[in-house]
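Student: I am new to this kind of model and would like to learn how its features are read. Could you take me through them slowly?

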Amino acid sequence: MPYERQYWTDRLVNTETGETIQDGTRFTARRMNHIEEGIKGIDGIVIRLENRILYLHAKITTGDRTAGNSGIFVDLFDGIQDAVISLDKTRTTIHSISGTNVTVASVSGFAVGQEVTLASVNNQEERTITAINASTQVITLNAAPTATYSSNAILARSTVEIDTVAKRMRRGSIDTYSVKIAVT
């Protein structure tokens with residue numbers, strides 16, 4: 001229901017005689033509650049518009065970065081699995097790092113050319129995979145990591161987490177996910 005504006009008038013008093021010229025609008029709980037309900041309604045509208053802006057921002061910023069989907073990004077951050085976007089929880093644990101070579105628990109799910117994130121509690125940096133040796137479980141990166149990573153750090157495709165309550169993406173914890181887009 002649209003907000004109905006209420007009109008207020010001032011109380012006017014003749015300063016010389018003390019006579020009331022105009023009573024003015026009374027300040028009542030009913031009028032204040034009317035204002036409060038109007039503010040509450042506007043707040044709901046602002047939240048819906050903010051979520052829509054976040055959706056449109058995601059659609060615009062990923063339009064030229066999501067090959068094969070004609071620039072369409074359909075995730076509404078509502079927790080519902082969309083037909084063309086699915087989360088892939090593939091990640092691996094880092095055993096050791098020597099220069100650009102990272103020995104991992106498993107190379108399954110990784111491919112040359114993919115961007116990956118090395119992450120620990122204190123550090124995080126991005127690199128690109130240039131080679132994979134499945135027999136030695138070594139992933140070669142385009143540049144050596146600048147930080148030190150313990151043997152329980154991870155190598156993952158993304159550190160994004162989807163917050164379905166706030167309906168937005170945010171930086172996640174070490175438990176990471178990557179996004180796979182399937183053209184249907």
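Student: Which residue takes a positive phi in the hairpin of β7 and β8?

Tutor: Strands are DSSP runs of E of at least two residues, helices are runs of H or I of at least four, both numbered from the N terminus, and two strands pair if DSSP finds at least two bridges between them. Here the hairpin of β7 and β8 has four residues between the strands, and Q137 takes a positive phi near 60 degrees. This is a predicted model, in which local features need pLDDT of at least 70, side-chain atom pairs count only at pLDDT 80 or more, and totals for chains, interfaces and linings use all residues. Residues are numbered from 1 along each chain as its sequence is written, and side-chain values use heavy atoms, with hydrogens and water left out.

Student: How many bridges hold β7 and β8 together?

Tutor: Strand β8 (residues 138-141) pairs with β7 over four bridges in the antiparallel sense, with I132 opposite I139 in β8. Strand β7 (residues 124-133) also runs antiparallel to strand β6 (residues 115-119), to which five bridges join it. In that pairing T117 has E126 as its bridge partner, A119 stands opposite Q124, and a hairpin of four residues joins β6 to β7.

Student: What do these strands form with the others?

Tutor: They belong to a closed barrel of six strands, in the order β4-β5-β8-β7-β6-β9, with antiparallel pairing. Neighbouring strands of this sheet are turned by 45 degrees against each other on average, direction ignored, where axes are lines fitted to C-alpha atoms, for helices over the stretch in contact, and angles run from 0 to 180 degrees between N-to-C directions. In total, the protein chain has one helix and twelve strands.

Student: Where is T9, and which residues does it touch?

Tutor: T9 lies in the segment before β1 (12-13). Contact means heavy atoms within 4.5 Å, and, leaving aside neighbours within four places in sequence, T9 is in contact with Q22, G24 and T25. T9 and G24 are 15 residues apart in sequence, yet their C-alpha atoms are 4.7 Å apart in space.

Student: Is T9 buried, exposed or partly exposed?

Tutor: Buried means under 20% relative accessible area, exposed over 50%, and partly exposed in between, with a 1.4 Å probe and protein chains only. T9 has a relative accessible area of 42%, so T9 is partly exposed. Across the protein chain, buried residues make up 25% of the 184 residues.
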